[in-house]
Amino acid sequence: SVLLGVHRGGRQKAKAVQQIAHAIVENPARVESLLPVLAVAVRSVRGPEARAGLAAVVRVVEAQPQLAEAVRRLLPELKLAELAA
């Protein structure tokens, strides 16, 4: 509900996005339920929200590279480079 609030909550939105990314990194099994919420932030028309969402997605993929396919599926507009081993 924090991310969908359109009239306020800028700092709370960034914090919520960080918490969601942390939850995914800590428990990758939750990616299917939580990644769509990050997608809302990534697709935001507000710059700070979109940047926070993108940073969170990058954090998730860097920490859990096996989740890159889920990101590609749920955010097909993003182009992810392969991480060097």
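User: Leaving aside its neighbours within four places in sequence, which residues is L35 in contact with?
Analyst: This is a predicted model, and in it L35 has its place in helix α2. Setting aside neighbours within four places in sequence, the residues in contact with L35 are I24, A70, V71 and L74.

User: Is L35 buried or exposed?
Analyst: The cut-off to keep in mind is that buried means under 20% relative accessible area. L35 has a relative accessibility of 0%. That value is why L35 counts as buried.

User: How far apart in space are L35 and L75, C-alpha to C-alpha?
Analyst: Along the sequence, L35 and L75 are 40 residues apart. In space, C-alpha to C-alpha, the separation of L35 and L75 is 9.1 Å.

User: Which elements give two or more residues to the largest nonpolar core, and which gives the most?
Analyst: The largest nonpolar core has 23 residues, and I24, L38, V57, V71 and L75 are those with the most contacts inside it. Two or more residues come from each of α1 (10-26), α2, α3 and α4 (68-74). With 7 residues, the element that gives the most to this core is α2.

User: Which residues does L38 contact, leaving aside its neighbours within four places in sequence?
Analyst: L38 is among the residues with the most contacts inside the largest nonpolar core. Once neighbours within four places in sequence are left aside, L38 is in contact with V17, I20, I24, A56 and V57.

User: How do α2 and α3 pack, and what is that arrangement called?
Analyst: Two packed helices are described by the angle between their axes and the distance between the axes. For helix α2 (residues 31-42) and helix α3 (residues 47-63), the axes are 7 Å apart and the angle is about 140°. That makes the arrangement of α2 to α3 oblique.

User: Which residues meet where α2 packs on α3, and how many of them are nonpolar?
Analyst: From α2 come L38, A41 and V42, and they meet E49, A50, G53, L54, A56 and V57 in α3. Sorted by class, the contact of α2 with α3 has 1 charged residue, 1 polar residue and a nonpolar count of 7.

User: Which residues does G53 touch, not counting residues up to four places away in sequence?
Analyst: G53 is found in helix α3. Its relative accessible area is 0%, so G53 is buried. Not counting residues up to four places away in sequence, G53 touches V17, A41 and V42.

User: Where does P28 lie, and what is its relative accessible area?
Analyst: P28 lies in the loop between α1 and α2. P28 is partly exposed, and its relative accessible area is 24%.

User: What distance separates the C-alpha atoms of P28 and L67?
Analyst: Not counting residues up to four places away in sequence, P28 touches Q64, Q66 and L67. P28 and L67 are 39 residues apart along the chain, and their C-alpha atoms are separated by 7.5 Å.

User: In what order do the elements of the protein chain run?
Analyst: The protein chain has 4 helices and 0 strands. From the N terminus on, the order of its elements is α-α-α-α.

User: What percentage of the residues in the protein chain is buried?
Analyst: The protein chain exposes about 5500 Å², of which carbon and sulfur atoms supply 58%. Of the 85 residues in the protein chain, the buried ones make up 36%.

Note on methods: Residues numbered from 1 in each chain as written. Predicted model: local features only at pLDDT ≥ 70, side-chain atom pairs only at ≥ 80, totals over all residues. Heavy atoms only, no water. Axes fitted to C-alpha atoms, helices over the stretch in contact; angles between N-to-C directions. Parallel < 35°, antiparallel > 145°, perpendicular 65-115°, else oblique. Contact = heavy atoms within 4.5 Å. Nonpolar A, V, L, I, M, F, W, Y, C, P; charged D, E, K, R; others polar. Buried < 20%, exposed > 50% of the residue type's maximum accessible area, 1.4 Å probe, protein only. Areas by Shrake-Rupley, 256 points an atom, 1.4 Å probe, with all protein chains shown as cover. Core = buried A, V, L, I, M, F, W, Y, C linked by side-chain atoms within 4.5 Å.
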